[in-house]
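Please look over the sequence and the model before reading on.

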Amino acid sequence: MSVTVLILGGTGEARQLACVLAADGVDFLSSLAGRVAEPRLPVGRVRIGGFGGAEGLAVFLTEYDIRAVVDATHPFAAGMSANAVAACGRVGVPLVRLARPGWAGLPGAPRWCWVASHETAAVTAASLGSRILLTTGRRSLGRYRERLAQHVVVARVVEPVDQQVPPSWRVVLDRGPYDVDGERALLKEHRIDVLVTKDSGGDYTSAKLDAADEFGVRVVVVRRPDARLDVPCVSDVAAAMHWLGSRPG
Ligand code: NAP
């Protein structure tokens, strides 16, 4: 089997790229981590599960004769991105990072509190209000639990949580895309005064920011991990296609 392009996925952009490659008749394989029970699958062939670190990925790239890798993982999936850099460097496979722009350019962004970590986000949120909508993902909840144990917290997550949360917390299971009407309703229903989010970027989950700004809800944004990767970076699928098209063979 000869696979030309490996997409490291788990994002809408990765699925869009798969559609475009399929339409162009390019041979490709998408890879997902397997974190969610029922992931949204891209078109085409898909493998699920980790590679076993950078070493495992390097072996995979060689075994499957991968000619180029597009790292289209989530902007917060820093471990996978670092492994991709190391593995591709080791076996000489070209790599591009496809990451959508963050939300810093949105009109409300200058008013938001930008913080570098979940721990700082927890402290900041605790100081700004008492009823918090936490949208930073299931696996980050432990980093908020202690500091927000006395606050009313609505933790919105895609998958059920496998850890105890404080009695004042409520876990809401939901999955984007979200619209502004729905986000207004959620903020109103729980009388939210602080929203905590990661700087995920894109419009899939950005409606909460519009609704929060409209209602005067304070917003705390966790900045993206510092990913100064020594690889070309593009911010949309068209640019990734352009990069792939410029590769020899
Ligand atoms: P991470 O911390 O950077 O990665 C941890 C490990 O998970 C990696 O070392 C790798 O295991 C495996 N992995 C991650 N992405 C993979 C992929 N696309 N294909 C195969 N293995 C993968 O990643 P994460 O933050 O847990 O994110 C996991 C997945 O969820 C990613 O695909 C990401 O795009 C998606 N996602 C993440 C977030 C987020 O906020 N972090 C949000 C939405 C979607 P091995 O070392 O064994 O290879």
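The text below starts with the chain as a whole and then turns to the ligand.

The model is predicted. Its protein chain has a secondary structure of eight helices and 12 strands. Along the principal axes, the C-alpha atoms fill a box of roughly 55 × 35 × 30 Å. The radius of gyration is 19 Å, which agrees with a compact globule, because a globule with 249 residues would have a value near 18 Å. Of the 249 residues, 45% are buried. Among contacts in the chain with a separation of 6 or more, 64% are between residues 24 or more positions apart. The accessible surface of the chain is about 12,000 Å², and carbon and sulfur atoms account for 51% of that surface.

Now to the ligand. There are 23 residues around the ligand, and those that come nearest are Gly 9, Ser 31, Phe 51, Arg 139 and Lys 198. By type, the shell consists of eight nonpolar, 11 polar and four charged residues.

Some atom pairs can be named. Ser 31 places a polar side-chain atom 2.7 Å from a nitrogen atom of the ligand. With Gly 52, a backbone N or O atom lies 2.9 Å from a ligand oxygen atom, and with Ala 77 a backbone N or O atom lies 3.1 Å from an oxygen atom of the ligand. The ligand taken alone exposes 800 Å², of which the protein buries 77%. Helix 3 provides the largest share, four residues.

How values were computed. Residues are numbered from 1 along each chain as its sequence is written. This is a predicted model: local features need pLDDT of at least 70, side-chain atom pairs count only at pLDDT 80 or more; totals for chains, interfaces and linings use all residues. Side-chain values use heavy atoms; hydrogens and water are left out. A residue is near a molecule or strand if one of its heavy atoms lies within 4 Å of it. A polar contact is a pair of N or O atoms within 3.5 Å; within protein, one must be able to donate a hydrogen and the other to accept it, and residues adjacent in sequence count only if both atoms are side-chain atoms. Accessible areas come from the Shrake-Rupley method with a 1.4 Å probe; for residues, only the protein chains shown count as cover. Helices (H or I, at least four residues) and strands (E, at least two) are DSSP runs, numbered from the N terminus. Ala, Val, Leu, Ile, Met, Phe, Trp, Tyr, Cys and Pro count as nonpolar, Asp, Glu, Lys and Arg as charged, and the others, Gly among them, as polar. The radius of gyration is taken over C-alpha atoms; the globule rule is 2.2 Å times the number of residues to the power 0.38. Buried means under 20% relative accessible area, exposed over 50%, partly exposed in between (1.4 Å probe, protein chains only). Contact means heavy atoms within 4.5 Å.
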